[in-house]
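Work through the exercises below with the sequence and the structure at hand. Try each task before reading its solution.

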Amino acid sequence: MILTWCFLILTCSSKERPTLGGTRIKTRKRNIAAPLDPAAFADAVVQIYLDNAGDLELVAKNIESSELNFSRYGDTFFEVIFTGGRTQPGTTKSDEGERHSFSIIDCEPTREVILPSVIYIQKVLRRRPFLIKNLENVMRRFLQSLELFEETERKKLAIFTALAFSQKLSGLPPETVFQPLLKDNLVAKGIVLSFVTDFFKVYLVDNSLDDLIALLKRGKMEDNLLDFFPTAKRSPEGFTEHFTNEGLVPLVEYHEKKTFEVKLKEMKSTLTTQISEETDVNEVIETVKQHVKDAKLPDVEAVRILWDVLMDAIQWSGKNQQQNANAALRQVKTWAKLLSSFCTSGKLELELMYKVQMQCYEDTKLMKLFPEIVRSLYDQDVLAEDTILHWFSKGTNPKGRQTFVKALEPFVTWLEEAEEEE
């Protein structure tokens, strides 16, 4: 009996006793991300500005030596640079917290005052190149919200942006600037036009027009400058008037040349299609006249284009000279009315002869065809006798002239003899 009792006591004492802490469950350790605190970061950066009284040289040194988490709070960092403190999410309005008065928005709207901020950011980016993405983010957000800034503040942003590209701020892509500007509401209010005008003026102080065009090309805006204009002013005339008044005449001249080239290309394309489709000559004449009017194309240039398109439309033979001659003469005969419609004076007829001369000189397969082409143009009433005789005796283009004069001599002799008989 005593032995049984002892056994029971020993058995009960060996069982695990319950505890107040409950059952322990083993779990795998994991990293827990620290909560975001952009407000504290912004206050710390602002304090660096305040401690150094806005001296950007000293601010840059302190920023470089600080242990702030720039990789996490890059956007906040640039908000402090641009506006003096943290902005509310999704807006340009100031958030609660410390602020400084040495920001880009708070300074004078001149390139001399804003340039040090650009150089300061360049130094920061050299040390921390990953921050370029954060700069893109903040600039894109601000540019898409330009209407929330005052007019002078928008001017400061335009000056900063121009200087950023002028100083070749590390890695900043032009499309980051130009594409966000093309919001319909910003364009309609004229905000975008005012911004890019300030941008162009500042950028061209230290850079050439070619540099500006290259920048616009990289930003995919070279051919779309009119997109910056409100609808009511979106025309070549509106472009010329605005930028002439702003003193940007070289940009106006470039745009006029570019517009001219585009219209010229359209004219050539349309004419080529009509020639290849053998459209009625009267319809072709009306089409060309409309293009000439729209492009304000000089008559001389129209004659040159007509000849080029007609010759380019011929299916030339590689070796058969007779086939080439027949094709060229057939083309002249077919489209003689088109040529004569635009060769309306001795000067324009002479220009056509010079054009034929140059093509025959530059294209070996046409070298021997010069007299035949001139004879055909005479027979089709495109070239007058006086024009041919003037070219023969007083022509000024030296390219192949000696050869062509000799080749044309029999025809000229015939013209002179015919004239004497009359």
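## Exercises on aromatic rings and their surroundings

One aromatic cluster is formed by Phe165, Phe178, Phe199, Phe200, Tyr203, Phe228, Phe229, Phe239 and Phe243. The model is predicted.

**Exercise 1.** Classify the aromatic pair of Phe199 and Tyr203 by the angle between the planes, and state where the two residues lie.

Solution. 
- Step 1: The ring centres of Phe199 and Tyr203 are 6.0 Å apart, and a pair requires centres within 6.5 Å.
- Step 2: The planes stand at 5 degrees. Planes under 30 degrees apart count as stacked, and the pair is stacked.
- Step 3: Both residues belong to helix α10 (residues 191-206), where they are 4 residues apart, about one turn of the helix.

**Exercise 2.** Decide whether Phe199 and Tyr203 are buried or exposed.

Solution. 
- Step 1: The cut-off for buried is under 20% relative accessible area.
- Step 2: Phe199 has a relative accessible area of 1%, so Phe199 is buried.
- Step 3: Tyr203 has 5%, so Tyr203 is buried.
- Step 4: For the background, 45% of the 422 residues of the protein count as buried.

**Exercise 3.** A search of the whole structure finds 21 aromatic pairs. Take the pair of Phe41 and Tyr73, classify the pair, and find which parts of the chain it ties together.

Solution. 
- Step 1: The ring centres of Phe41 and Tyr73 are 5.1 Å apart and the planes are at 35 degrees, so the pair is tilted.
- Step 2: Phe41 is in helix α2 (residues 38-51), while Tyr73 is in the loop between α3 (56-65) and α4 (74-83), so the pair ties together parts 32 residues apart in sequence.
- Step 3: Phe41 is buried at 3% relative accessibility, and Tyr73 is buried at 10%.

**Exercise 4.** Which rings have Arg375 and the charged end of Arg401 over them?

Solution. 
- Step 1: Arg375 lies over the face of Trp414, 4.9 Å from the ring centre.
- Step 2: The charged end of Arg401 sits over the ring of Trp391, at 5.1 Å from the centre of that ring.

**Exercise 5.** Locate Gly247, and decide whether Gly247 is buried or exposed.

Solution. 
- Step 1: Gly247 is placed in the loop between α12 (236-245) and α13 (249-276).
- Step 2: The relative accessibility of Gly247 is 53%, so Gly247 counts as exposed.

Definitions and conventions
Residues are numbered from 1 along each chain as its sequence is written. This is a predicted model: local features need pLDDT of at least 70, side-chain atom pairs count only at pLDDT 80 or more; totals for chains, interfaces and linings use all residues. Side-chain values use heavy atoms; hydrogens and water are left out. Rings of Phe, Tyr and Trp (its six-membered ring) pair if their centres lie within 6.5 Å; planes under 30 degrees apart count as stacked, over 60 as edge-to-face and the rest as tilted. Buried means under 20% relative accessible area, exposed over 50%, partly exposed in between (1.4 Å probe, protein chains only). A charge sits over a ring if NZ of Lys or CZ of Arg is within 6 Å of the ring centre and within 35 degrees of the ring normal.
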